[in-house]
Amino acid sequence: MDKNLTLRYQEFESAGSMDPADCELVQKAVEASSLSYAPYSKFNVGAAVRMSDGRVFTGANQENAAFPSGTCAERTVLFYAHAHAQGASIVSIAISACQGGVQVSQPVSPCGACRQVMTEFGTNDNPMSVIIVGSERILKFDNANDLMPFSFDSF
């Protein structure tokens, strides 16, 4: 039996054309990339999450010489937010990457491990939107499950 999977997302030319709350989250993710510790890859990633109670948390990738002991910006901020905002759900995450101090032109998609973690925090009852940012375009997915349709516990 053949089946089809449809992926829905919005594309924006700039953060200024987005909803003000999403625009703010994008700016926080861009700022957070400067907090990255990436002496090996020189690929600085920042992420910001908005909680259901309105709080915003940020995080950045943290590398380590004993690869793969580091962690991605997405997981850094998701785990931190969950630990510090008991009772609030994660509503949205924005992710931005820079290389050589310059924002990458195209959005960088989260790795599979980060996508799996996103599906754990976003649920069908409380979907978490995902915004991936590049200097030339921004993509917004209304539900993290759109990035990981066959997550570990989806069957």
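So, E4 and strand E5 (residues 102–103) run antiparallel, joined by two bridges; strands pair here if DSSP finds at least two bridges between them. Helices (H or I, at least four residues) and strands (E, at least two) are DSSP runs, numbered from the N terminus. Glutamine 99 sits opposite valine 102 in E5. The hairpin of E4 and E5 has two residues between the strands, and glycine 100 there takes a positive phi near 65°.

Quick housekeeping: this is a predicted model, where local features need pLDDT of at least 70 and side-chain atom pairs count only at pLDDT 80 or more, while totals for chains, interfaces and linings use all residues. Residues are numbered from 1 along each chain as its sequence is written, and side-chain values use heavy atoms, with hydrogens and water left out.

Back to E4. What else does E4 pair with? E2 joins E4 through nine bridges, antiparallel, with glycine 46 opposite serine 96 in E4. Strand E6 (residues 129–133) pairs with E4 over five bridges, in the parallel sense, and there isoleucine 93 faces valine 130 in E6. Eight of the 10 residues of E4 are buried, where buried means under 20% relative accessible area, exposed over 50%, and partly exposed in between (1.4 Å probe, protein chains only).

Now H2. That helix has 12 residues and spans 16 Å from its first C-alpha to its last, close to the 16 Å expected at 1.5 Å a residue; the expected span is 1.5 Å times one less than the number of residues. Its buried residues include Val77, Leu78 and Ala81. The buried residues of H2 pack against strand E2 (43–51), strand E3 (56–60), strand E4 (90–99) and H3.

On to aromatic pairs. How many are there? Three, by this rule: rings of Phe, Tyr and Trp (its six-membered ring) pair if their centres lie within 6.5 Å, with planes under 30 degrees apart counted as stacked, over 60 as edge-to-face and the rest as tilted. Tyrosine 9 and phenylalanine 141 have ring centres 5.3 Å apart and planes at 35°, so that pair is tilted. Tyrosine 9 lies in the segment before strand E1 (10–12) and phenylalanine 141 in strand E7 (residues 138–141), so the pair ties together parts 132 residues apart in sequence. Tyrosine 9 is partly exposed at 39%, whereas phenylalanine 141 is buried at 4%. Another pair, phenylalanine 79 with phenylalanine 121, is edge-to-face at 6.4 Å centre to centre and 65° between the planes. That one links helix H2 (residues 73–84) to helix H3 (residues 112–121), 42 residues apart.

Last stop, salt bridges: five of them, meaning a side-chain nitrogen of Lys or Arg within 4 Å of a carboxyl oxygen of Asp or Glu. Lysine 140 meets aspartate 22 at 2.7 Å, N to O, linking strand E7 to helix H1 (residues 20–32), 118 residues apart. Are those two partners buried or exposed? Both lysine 140 and aspartate 22 are buried. Arginine 50 and glutamate 24 form another salt bridge, with the closest N and O atoms 2.8 Å apart; arginine 50 is in strand E2 and glutamate 24 in helix H1. Here arginine 50 is buried at 15%, while glutamate 24 is partly exposed at 36%.

Conventions. Contact = heavy atoms within 4.5 Å.
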